[in-house]
Each structure stands twice: as structure tokens, then as C-alpha cells.
Amino acid sequence: MHHANHYYGHSHVLARYCGLDDRSPQRIRGYLQHGWNIGDGMAADHEFVPGLPLFVWSERTRRRAWSLGRRQAYAVGAPWAYLLAMEPEPDGPPPREGTIWYPFHGWEGQHVVGDHDRLIAEIKATEPGPVTVCLYWQEYRTRPVRERYERAGFRVICHGYRGGRWDSLDPDFLRRQLVEQRRHRRVASNRLCTAVLYAVLAGCEPAVYGDPMHLAGEVPLWGGQPRIRRQWAELHGPQVDAAVARGVAVAELGADRLLPAAVLRRLFHWPDPLPPSAAAEADLPEGTR
């Protein structure tokens, strides 16, 4: 099915939750939401085969999809929420410090347009502790962009490549992102985005401020940034109520309605896991079974 189902290792995380091989997950029969948006959860540039279901993250998104005419949509919870359920934070207060900052990024089809130097100045004037700037792979590989943040004295990282067209898939993308976010006390971005909601669920205090920038030729789908700032006004600013933000993150990521593994397998048309004895036999070299 659609290659975007494997972005960021999403299908790998869900395969692990379902008791299946998370290094070579099954294809999902349908379309899995791969990033937060304010529409039906799907990327606007994807073409869909009629009759196949949409697997969206939350009940909120399912209702939005329904209102947009997407009738066969199921709320299954974000893979990120399943990962946190499988890898809870260790006991005791974590040694968190500083801020992980996610500048708004482009993608293969559109580059981001904005003043990075102005954004750097705002970050320096706002953040009280050390700052880690996490760039999308496209900006990270753009040397002039990356070096601007490095020269500013920030630690600059990239969580990795999301994968594409069933190539260069990365089963560990979300796990690396979780490790990084759990190192930081705050998360911030110049747009309310997936990474901010993820970090809130992972225990970071959020902030959304600075020049929101824009994509070359950006079309404000479903109301765009004006709607986001209007509908989630309480999540914008250099200081945000962490409890309010967590409530939004839980609702938008569907963390309050994770499904049993057997239900997910049935929805995705995945097989049941092999019993332990059969799995052990399947791992034996040919000729020794």
C-alpha cells in the first residue's frame, strides 16, 4: 500500500506493538496518517484509491475527515503514542535541561522561505538554557542553513530521514526522537506542529513563537496558520500552560484511545503473531528444521 505508511518508522512501531517483526513490517491495507494537520489527517498531495480506509490518529481527526467526505476513517492513535506506551519513562525525575527547538521546515516539493537570522535572535532572547536545534533532513543537508545555527552556538541535530518510496526506511526514527526529547525540559517551534505535540506527550513544556516562515507557493489549506493560531491560541507564546497543552496533545494524537493489538491487526489486515515455538523454528537456518 502507500509508501507514506512507512514514514518515520510508523509501520515498524505498530508492527512491534502488534507482536510482529518490526524490522520488516507488513503493508497496511489503507492509508495511515503520518503527521498532524487540521484537516482529514492525510497529505493533500496524495492520491487515494477509492474504498480503502483512512487510519487517522484521533477522534477529532476522524470527525474532521467525516465532515470532508471521508466516510471510511478509523481513529487508531498515533504511532508515537504507542511507542510511549511501550517505552515508558524510567522511574524518578529525568535529568532534563534546556530546549529542543524545531524550526518550520520544507519538504522535497517545497522549500521554506524565511529569515533564519531573525529567528536565531528570537531564540537567544527567549530561551533560558542550552538550546538544541533540530533541523529537518532537507535543511540539515543545506550547509548554509545548518551553519547559521551552529555559528549561533546551538547544538544542531537531525532526527534522520523519514524514508520514501519504500526506500531508506528507518525503523528507529521515532525512538531517536523520543530519546532527544526526554533530554530537554522545553520544546519550541515557530509553528504548532507534530514535533511540539510529540514532545508535550513526552513531558516537555511547550512554546510556540517567532516568525512562522512559509513554504514557497504555500496554500493555506483548511484555514492555514490563521486558523491554527485562532483555534489553538492557548498553545502560542513563549510560555504555555503545560496542563492545557498536554490535554490538546492527548486529544490530537489519540493517546486516550489506543487499540488492542488484535484490533489493529484486524484493521490493517495483518496476520496474528506466530506462537513462540513456531517463531523459534522459523529462525532456524534452512536444513536444520
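Analyst: Of the 289 residues of the chain, 52% count as buried, where buried means under 20% relative accessible area, exposed means over 50% and partly exposed lies in between, with a 1.4 Å probe and protein chains only. This is a predicted model, in which local features need pLDDT of at least 70 and side-chain atom pairs count only at pLDDT 80 or more, while totals for chains, interfaces and linings use all residues. Residues are numbered from 1 along each chain as its sequence is written, and side-chain values use heavy atoms, with hydrogens and water left out.

The secondary structure comprises twelve helices and ten strands; helices (H or I, at least four residues) and strands (E, at least two) are DSSP runs, numbered from the N terminus. Among the contacts in the chain with a separation of 6 or more, 66% involve residues 24 or more positions apart, a contact being heavy atoms within 4.5 Å.

The largest nonpolar core has 56 residues, and Trp80 and Leu192 touch the most other members. Such a core is a set of buried Ala, Val, Leu, Ile, Met, Phe, Trp, Tyr and Cys residues joined through side-chain atoms within 4.5 Å. Two or more residues each come from helix H1 (10-17), helix H3 (79-86), strand E4 (99-102), helix H7 (173-181), helix H8 (194-201), helix H10 (242-253) and helix H11 (261-268). H8 gives the most, with seven residues. In soluble globular proteins, nonpolar side chains tend to be buried together.

Leaving aside neighbours within four places in sequence, Trp80 is in contact with Leu174, Gln177, Leu178, Gln181, Tyr198, Leu201, Ala202 and Leu253. A second, separate core holds 19 residues, including Ile120, Val131, Tyr149 and Met213.

Val131 also belongs to strand E6 (residues 131-134), which is covered on both faces: Val131 and Val133 on one side, and Thr132 and Cys134 on the other, are all buried. In a regular strand the side chains alternate between the two faces of the sheet. E4 and E6 run parallel and are joined by three bridges; two strands pair if DSSP finds at least two bridges between them. Thr99 stands opposite Val131 in E6. E6 also pairs in the parallel sense with strand E7 (residues 155-157), again over three bridges, and Val133 has Val156 in E7 as its bridge partner.

Tyr17 counts as partly exposed because its relative accessibility is 25%, whereas Tyr82, at 0%, counts as buried. Phe55, Tyr74, Phe268 and Trp270 form one aromatic cluster.

Conventions:
Phe/Tyr/Trp six-rings, centres within 6.5 Å; stacked < 30°, edge-to-face > 60°.
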